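Colleague: I would like to go through the ligand surroundings and the ring contacts of this model. Please show it first.

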Amino acid sequence: MNSPLIPATPAFDATGTPYSPEYGDVYHSADSGPGQARHVFLGGNELPARWAGARVFTIVETGFGIGLNFLATWQAWRADPVRPKRLHFVSIEKHPFAREGLATLHARYSELTSLAAELQAVWPLPLPGLHRLHFEDGRVTLTLAFGDIADVLSKLRLAADAIYLDGFAPDRNSEMWTSAVMKALARLARPGTTVATYTTARAVRDALAAAGFVPELRPGFGRKRQMLAARFSPSRPPRLALPVAPQWSERRAIVIGAGLAGAAVVERLAARGWAIELIERHAGPAAEASGMPAGSFHPQVSRDDSILSRLTRAGFLYALDRWRALEAAGHRLEWQRCGVLQVAKDARDEARMAATVRALVFPAGYLDFLPRASASSRAGVEMNAGGWWFPESGWMRPAELVAAQLAAARARGAIAIRTSTTAHALAREGDLWRVLAPEGAVIASAPVVVLANSHDAARLVPLGAPLKRVRGQLTLLPAGSLPSLRTVLAGLGHLVPAGNGAAVAGATYDFEDEDTAPSEEGNAGNLARLERLLPGSAAHLDPARLTGAVGFRCVAPDRLPLIGALPDIPATRVDPRALPRLHGLYGALGYASRGLTWAMLGGELVASAVEGEPLPLEGDLADAVDPARFALRRARRGGF
Ligand SMILES: Cc1cc2nc3c(=O)[nH]c(=O)nc-3n(C[C@H](O)[C@H](O)[C@H](O)COP(=O)(O)OP(=O)(O)OC[C@H]3O[C@@H](n4cnc5c(N)ncnc54)[C@H](O)[C@@H]3O)c2cc1C
Ligand SMILES: C[S@@+](CC[C@H](N)C(=O)[O-])C[C@H]1O[C@@H](n2cnc3c(N)ncnc32)[C@H](O)[C@@H]1O
């Protein structure tokens, strides 16, 4: 488990330069922060000249600090008529400032005020992991990696074009300059990748050289006589953290399935300028699981901050940011961030939940523990127990989200939707995938196909994993049937206050049941769940008189989604170490009971993989949702 993040607080030295008492060093040259950024970090990497005309340009930084290097780089990108189409800036930080601290510090740099305000507006909570933030309609992307460089750097999956080394001075902050750090950076580099730093320390030069970089001294900034620049020139082929970016004959993709998974992929690819054909077998989008009347969203937490907890945190935070951006762009969503209260089962569970919150030391804006009395006043109803409080969580009507994402793609002129059309089979011809109708006619063809069609994906291509179909029924509770509830309640079921006093209770989890009609038995099960969440609330409700909604979840054996390039199963049998994939075929599948949490991140992960851009997840998390994981495990065990 990562150690808790300890945020930094603004402090200054005698010259008024931002200063870290913990490290005993200043955040930038006393001569000028932005000036140092331009001379040392941009200039040392020969920017903006080296990024001219690039489609994607990726910069990695060690030490985000106040973000001056990022802001100065963004400013240079804005001013450059031949700027790259997409600029990725990925920066590692162990002690992020809180938003207010950042604002105090940014106030000192008048030339960066407007960009700084944009950064502050979306600045994330100090939570471990990657935080992806988009600016300039996605053309500038900042990925903040909050954590210790020793944990985080080796987990990045990206190909860097330029590297800014900006830890505090090596004699005060040695862990930012170790040979292990330089080796890990070499895994992110390609021949020709450049490095720049203000320090000329011998140990740094030697560590860079040992990792395959050729260092060179250059004139320094301000009162510093010299600085260091370097170029990656390895003596043998490096081990790459991200495969070489795939090449496409055209930037056209087909997405199969117009639910939460497909709509998010469409929106994320459209934002990158792809033209998309969306194929849906029903007459309109969100007609299956994503047509459920309301879904709740909140991250999972665990004391050991498990893979699932980290993944749901990444999915939840990215979704919130993107949903706000959709609204800001004028697309209507039906949702409420009314908070989710995850109610303890009993006193022991309550004590465990309280201990978990104390151990994780997460900001209360993300997760808190509420004892019974505070939980009751938050929820507006008398609770039997306290539990976890997720203040930014809530509920969403999934179909509205799907519609908003498709509208956003349409606004870019990037999408053709073919409804009432079933993808019956896939065939490869030359550079293209063809999607075939039952009688063999070609419905559409493109270099990239994304399967977002839930269980039916396994019929189109072998996935190496059984995807279970798990029926779920929700029960609709008309206005007046419950005391009015102010938050979502979760636990052994969930209760969503879906507007106008009505509520949605759920959900059943039925194996091997294909009944699409709501049943009285299903309603009775949901009322029993409701009774456990909110004792005394369900006794007067008659399951025979209530209506419901039924959908089918798509669940992988480990309950995690399948997101990314699809495996080539026959080739995996021959050589699992080669991680063979079907070129141009991707999946966004198995969203189980967490479609709202997975979909946005899934869309971004697929789009990043298609474009060869930095992944929005750490490597161990990307591996945990890799659609090839089951096939690879089996092949490695000799199971094929
Ligand atoms: C009762 C219930 C309650 C739930 N509650 C929540 C909740 O509270 N919070 C939450 O986050 N999630 C919840 N979920 C889960 C969530 O609904 C799903 O994870 C999500 O909707 C899955 O989205 P999807 O796009 O993968 O699948 P779907 O919405 O099923 O979309 C797949 C689409 O692919 C189309 N398709 C399939 N095959 C083909 C083909 N061959 N050709 C063309 N089109 C095809 C289908 O018609 C469908 O429109 C719940 C699910 C259920 C059933
Ligand atoms: C010189 S400052 C960076 C200034 C920054 N680049 C800017 O433009 O404002 C160095 C940063 O490295 C961070 N840091 C120090 N040790 C670290 C570690 N082990 N892992 C990650 N970040 C670390 C510090 O918290 C500090 O913010």
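Predicted model: local features only at pLDDT ≥ 70, side-chain atom pairs only at ≥ 80, totals over all residues.

Modeller: Residues are numbered from 1 along each chain as its sequence is written, chains are lettered from A and ligands numbered from 1 in the order in which they are written, and side-chain values use heavy atoms, with hydrogens and water left out.

Colleague: How much of the accessible area of ligand 2 does the protein cover?

Modeller: Polar contacts are pairs of N or O atoms within 3.5 Å; within protein, one must be able to donate a hydrogen and the other to accept it, and residues adjacent in sequence count only if both atoms are side-chain atoms. A polar side-chain atom of Tyr 23 is 3.2 Å from a nitrogen atom of ligand 2, and a polar backbone atom of Ile 66 is 3.0 Å from an oxygen atom of ligand 2. On its own ligand 2 has 600 Å² of accessible area (Shrake-Rupley method, 1.4 Å probe; for residues, only the protein chains shown count as cover).

Colleague: What share of ligand 1 does the protein bury?

Modeller: A backbone N or O atom of Leu 260 lies 3.1 Å from an oxygen atom of ligand 1. For Ala 261, a polar backbone atom is 3.0 Å from an oxygen atom of ligand 1; for Glu 288, a polar side-chain atom is 3.4 Å from an oxygen atom of ligand 1. Taken alone, ligand 1 exposes 1,000 Å², and the buried share is 97%.

Colleague: Why is the pair of Tyr 23 and Phe 168 classed as it is?

Modeller: Rings of Phe, Tyr and Trp (its six-membered ring) pair if their centres lie within 6.5 Å; planes under 30 degrees apart count as stacked, over 60 as edge-to-face and the rest as tilted. The centres of Tyr 23 and Phe 168 are 5.0 Å apart and their planes are at 35°, so the pair is tilted.
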